[in-house]
Amino acid sequence: MKPIDLTLTISKSIPSFPGSPKPQFILWSDIKDDGYNLELLFLSSHTGTHIDAPYHFVKDGIKIHQIPLDRLIGKAILIKLKKTRNSPITKEDIILFEKINGIIPNDSSIFFFTEWQKNLKKDNYFTENPGLDKSTADYLVSKKINLVGIDSPSIDLGIDDSFTVHHIFSKNNILIVENLANLNKIPSREFTFTILPLKLKDATGSPVRAVAS
(Lines give C-alpha, C1' and ligand atoms only; values in the text may rest on other atoms or scores of the structure.)
Protein backbone atom coordinates (compact mmCIF):
# COMPACT_ATOMS: atom_id res chain seq x y z
CA MET A 1 0.00 0.00 0.00
CA LYS A 2 1.33 3.45 -0.91
CA PRO A 3 1.71 5.78 2.08
CA ILE A 4 -1.48 7.69 2.92
CA ASP A 5 -1.23 11.06 4.63
CA LEU A 6 -3.66 11.15 7.57
CA THR A 7 -2.76 14.72 8.51
CA LEU A 8 -4.63 18.01 8.25
CA THR A 9 -2.61 20.91 6.86
CA ILE A 10 -2.00 23.56 9.50
CA SER A 11 -2.65 27.08 8.26
CA LYS A 12 -4.01 30.37 9.58
CA SER A 13 -7.48 29.26 8.53
CA ILE A 14 -7.58 25.81 10.14
CA PRO A 15 -10.46 25.62 12.64
CA SER A 16 -9.31 25.68 16.26
CA PHE A 17 -10.83 24.21 19.40
CA PRO A 18 -13.04 26.81 21.12
CA GLY A 19 -10.90 28.92 23.44
CA SER A 20 -7.65 27.99 21.70
CA PRO A 21 -5.62 30.54 19.75
CA LYS A 22 -5.74 30.58 15.97
CA PRO A 23 -2.39 29.62 14.41
CA GLN A 24 -0.23 32.50 13.29
CA PHE A 25 2.62 32.37 10.78
CA ILE A 26 4.71 35.48 11.44
CA LEU A 27 7.23 36.57 8.81
CA TRP A 28 10.63 36.98 10.48
CA SER A 29 13.10 37.03 7.61
CA ASP A 30 12.80 37.21 3.83
CA ILE A 31 15.09 36.61 0.89
CA LYS A 32 15.09 40.26 -0.21
CA ASP A 33 16.35 41.66 3.10
CA ASP A 34 18.02 38.71 4.80
CA GLY A 35 18.94 36.24 2.06
CA TYR A 36 16.54 33.57 3.28
CA ASN A 37 12.88 33.09 4.23
CA LEU A 38 11.93 32.24 7.82
CA GLU A 39 8.73 32.44 9.85
CA LEU A 40 7.77 32.25 13.50
CA LEU A 41 4.90 29.97 14.53
CA PHE A 42 2.33 30.70 17.21
CA LEU A 43 -0.13 27.89 17.84
CA SER A 44 -1.57 25.54 20.44
CA SER A 45 0.25 22.23 20.86
CA HIS A 46 -3.15 20.62 20.13
CA THR A 47 -3.63 22.23 16.71
CA GLY A 48 -4.79 20.19 13.71
CA THR A 49 -3.98 16.48 13.66
CA HIS A 50 -2.31 16.03 17.03
CA ILE A 51 -1.45 13.63 19.83
CA ASP A 52 -2.37 13.98 23.50
CA ALA A 53 0.14 12.76 26.04
CA PRO A 54 -1.31 11.39 29.31
CA TYR A 55 0.13 14.50 31.02
CA HIS A 56 -2.64 16.49 29.31
CA PHE A 57 -5.07 15.27 31.98
CA VAL A 58 -2.93 13.48 34.59
CA LYS A 59 -0.44 15.33 36.81
CA ASP A 60 2.12 12.51 36.77
CA GLY A 61 1.35 11.24 33.25
CA ILE A 62 4.07 10.87 30.65
CA LYS A 63 4.82 13.95 28.55
CA ILE A 64 5.30 14.24 24.81
CA HIS A 65 9.08 13.93 24.86
CA GLN A 66 8.82 10.78 27.03
CA ILE A 67 6.65 8.73 24.65
CA PRO A 68 8.67 5.72 23.40
CA LEU A 69 8.97 5.50 19.61
CA ASP A 70 7.67 1.94 19.56
CA ARG A 71 4.30 3.26 20.73
CA LEU A 72 4.12 5.62 17.75
CA ILE A 73 4.91 3.15 14.98
CA GLY A 74 3.21 -0.21 14.48
CA LYS A 75 0.18 -2.17 13.38
CA ALA A 76 -3.30 -0.74 13.80
CA ILE A 77 -6.92 -1.81 13.46
CA LEU A 78 -9.35 0.44 11.56
CA ILE A 79 -12.93 0.45 12.80
CA LYS A 80 -15.42 2.12 10.45
CA LEU A 81 -18.54 3.38 12.21
CA LYS A 82 -20.53 6.12 10.51
CA LYS A 83 -21.60 8.48 13.28
CA THR A 84 -23.65 11.65 13.16
CA ARG A 85 -23.71 14.62 15.54
CA ASN A 86 -23.66 13.78 19.27
CA SER A 87 -23.58 10.08 18.39
CA PRO A 88 -21.48 7.92 20.74
CA ILE A 89 -19.23 5.02 19.85
CA THR A 90 -20.50 2.36 22.26
CA LYS A 91 -19.15 -0.84 23.75
CA GLU A 92 -21.86 -2.62 21.74
CA ASP A 93 -20.33 -1.18 18.55
CA ILE A 94 -16.97 -2.71 19.48
CA ILE A 95 -18.46 -6.07 20.45
CA LEU A 96 -20.29 -6.26 17.10
CA PHE A 97 -17.06 -5.41 15.27
CA GLU A 98 -15.28 -8.21 17.13
CA LYS A 99 -18.04 -10.72 16.32
CA ILE A 100 -17.58 -9.99 12.63
CA ASN A 101 -13.81 -9.42 12.47
CA GLY A 102 -12.34 -11.28 15.44
CA ILE A 103 -11.34 -10.26 18.94
CA ILE A 104 -9.18 -7.14 19.22
CA PRO A 105 -5.90 -8.31 20.79
CA ASN A 106 -4.52 -6.72 23.93
CA ASP A 107 -2.02 -3.89 23.38
CA SER A 108 -3.52 -3.00 19.99
CA SER A 109 -3.74 0.47 18.44
CA ILE A 110 -7.19 1.42 17.13
CA PHE A 111 -8.33 4.09 14.67
CA PHE A 112 -12.00 5.09 14.39
CA PHE A 113 -13.40 6.34 11.08
CA THR A 114 -16.72 8.08 11.76
CA GLU A 115 -16.93 10.33 8.66
CA TRP A 116 -17.08 13.38 10.95
CA GLN A 117 -13.98 14.97 9.37
CA LYS A 118 -16.16 16.10 6.43
CA ASN A 119 -17.71 18.65 8.83
CA LEU A 120 -14.39 20.38 9.56
CA LYS A 121 -15.58 23.74 8.22
CA LYS A 122 -19.01 23.62 9.88
CA ASP A 123 -19.92 25.49 13.06
CA ASN A 124 -20.79 22.31 14.97
CA TYR A 125 -17.52 20.50 14.25
CA PHE A 126 -16.19 21.00 17.79
CA THR A 127 -19.50 21.06 19.66
CA GLU A 128 -21.50 18.09 18.34
CA ASN A 129 -18.81 15.67 17.27
CA PRO A 130 -19.10 11.92 17.85
CA GLY A 131 -16.80 10.30 20.39
CA LEU A 132 -16.42 7.32 22.68
CA ASP A 133 -18.70 6.77 25.65
CA LYS A 134 -17.48 5.63 29.06
CA SER A 135 -18.34 1.97 28.50
CA THR A 136 -16.19 1.90 25.37
CA ALA A 137 -13.29 3.62 27.11
CA ASP A 138 -13.45 1.14 30.01
CA TYR A 139 -13.60 -1.80 27.57
CA LEU A 140 -10.51 -0.60 25.69
CA VAL A 141 -8.68 -0.04 28.97
CA SER A 142 -9.40 -3.69 29.85
CA LYS A 143 -7.57 -4.63 26.65
CA LYS A 144 -4.55 -2.47 27.55
CA ILE A 145 -4.89 -0.58 24.28
CA ASN A 146 -1.78 1.37 23.24
CA LEU A 147 -3.26 4.20 21.19
CA VAL A 148 -6.68 5.37 20.01
CA GLY A 149 -7.11 7.67 17.03
CA ILE A 150 -10.24 9.31 15.65
CA ASP A 151 -11.28 11.54 12.75
CA SER A 152 -13.07 14.03 14.99
CA PRO A 153 -11.65 16.88 17.09
CA SER A 154 -11.97 14.97 20.36
CA ILE A 155 -12.06 11.41 21.59
CA ASP A 156 -14.92 12.62 23.81
CA LEU A 157 -18.36 13.54 22.59
CA GLY A 158 -18.60 17.25 21.83
CA ILE A 159 -21.29 17.61 24.49
CA ASP A 160 -19.07 16.08 27.20
CA ASP A 161 -17.59 19.09 28.99
CA SER A 162 -15.99 16.80 31.59
CA PHE A 163 -13.68 15.07 29.05
CA THR A 164 -14.58 11.72 30.57
CA VAL A 165 -12.73 9.54 28.07
CA HIS A 166 -9.65 11.75 28.10
CA HIS A 167 -9.41 11.24 31.85
CA ILE A 168 -9.90 7.47 31.61
CA PHE A 169 -7.35 7.02 28.82
CA SER A 170 -4.79 9.39 30.32
CA LYS A 171 -5.02 7.71 33.74
CA ASN A 172 -4.34 4.38 32.02
CA ASN A 173 -1.47 5.62 29.84
CA ILE A 174 -3.37 5.31 26.54
CA LEU A 175 -2.25 7.70 23.82
CA ILE A 176 -4.88 9.76 21.96
CA VAL A 177 -4.68 11.06 18.38
CA GLU A 178 -7.38 13.45 17.17
CA ASN A 179 -8.36 15.24 13.95
CA LEU A 180 -7.14 12.44 11.69
CA ALA A 181 -7.88 12.83 7.98
CA ASN A 182 -8.23 10.47 5.00
CA LEU A 183 -9.06 7.36 7.02
CA ASN A 184 -11.55 6.56 4.25
CA LYS A 185 -8.58 5.98 1.91
CA ILE A 186 -7.22 3.07 3.93
CA PRO A 187 -8.32 -0.02 1.98
CA SER A 188 -7.84 -2.68 4.66
CA ARG A 189 -8.96 -3.38 8.22
CA GLU A 190 -5.36 -3.60 9.39
CA PHE A 191 -2.54 -1.27 8.42
CA THR A 192 0.79 0.11 9.58
CA PHE A 193 0.75 3.55 11.17
CA THR A 194 3.36 6.17 11.93
CA ILE A 195 2.53 9.06 14.27
CA LEU A 196 5.42 11.49 14.69
CA PRO A 197 5.02 14.41 17.14
CA LEU A 198 7.62 17.07 17.66
CA LYS A 199 9.85 16.12 20.59
CA LEU A 200 8.66 18.97 22.81
CA LYS A 201 10.00 18.80 26.36
CA ASP A 202 7.30 18.65 29.05
CA ALA A 203 4.49 19.29 26.57
CA THR A 204 0.92 17.99 26.87
CA GLY A 205 0.53 17.49 23.13
CA SER A 206 1.97 18.10 19.70
CA PRO A 207 0.87 18.40 16.11
CA VAL A 208 1.89 15.24 14.27
CA ARG A 209 2.53 13.93 10.79
CA ALA A 210 0.36 10.82 10.66
CA VAL A 211 0.81 8.21 7.94
CA ALA A 212 -0.78 4.87 7.05
CA SER A 213 1.14 2.38 4.95
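Mentor: Start with phenylalanine 126. It touches Pro15, Ser16, Phe17, Pro18, Pro153 and Gly158, leaving out residues up to four places away in sequence. Here, contact means heavy atoms within 4.5 Å. This is a predicted model, so local features need pLDDT of at least 70 and side-chain atom pairs count only at pLDDT 80 or more, while totals for chains, interfaces and linings use all residues. Residues are numbered from 1 along each chain as its sequence is written, and side-chain values use heavy atoms, with hydrogens and water left out.

Where does phenylalanine 126 sit? Its place is the loop between strand 7 and strand 8. Helices (H or I, at least four residues) and strands (E, at least two) are DSSP runs, numbered from the N terminus. Is phenylalanine 126 buried or exposed? It is buried, because its relative accessible area is 12%. Buried means under 20%, exposed means over 50%, and partly exposed is in between (1.4 Å probe, protein chains only).

Helix 3 runs over residues 134-142, and its buried residues are Thr136, Ala137, Tyr139 and Leu140. Why do they share a side of the helix? They span an arc of only 160° around the axis, so they end up on the same side of helix 3. That arc is taken from the directions that run from the helix axis to the C-beta atoms.

Look at lysine 134 next. It lies in helix 3. With 48% relative accessibility, lysine 134 counts as partly exposed. It touches Thr164 and Ile168, again leaving out residues up to four places away in sequence. Arginine 71 is 63 residues from lysine 134 in sequence, and 23 Å from it in space, C-alpha to C-alpha. After helix 3 comes lysine 144, which has a positive phi, near 55°.

Take glutamate 98 from helix 2. Its relative accessible area is 5%, so it is buried. Beyond residues up to four places away in sequence, glutamate 98 touches Ile103, Ile104, Tyr139 and Lys143. Tyr139 was one of the buried residues of helix 3. Glycine 102 follows helix 2, and its phi is positive, near 105°.

Other positive phi values turn up in loops. Phenylalanine 163 sits in the loop between strand 9 and helix 4. Its phi is positive, near 55°, in a residue other than glycine. Phenylalanine 163 is partly exposed, because its relative accessible area is 26%. Asparagine 173 lies in the loop between helix 4 and strand 10 (175-178). It is not a glycine, yet its phi is positive, about 60°. Asparagine 173 has a relative accessible area of 35%, so it counts as partly exposed.

Step back to the whole chain. It holds four helices and twelve strands. Of its 213 residues, 49% count as buried. Among contacts with a separation of 6 or more, 73% join residues 24 or more positions apart. The C-alpha atoms fill a box of roughly 65 × 40 × 35 Å along the principal axes. What is the radius of gyration of the chain? It is 17 Å, which agrees with the value near 17 Å for a compact globule of 213 residues. That radius is taken over C-alpha atoms, and the globule rule is 2.2 Å times the number of residues to the power 0.38.
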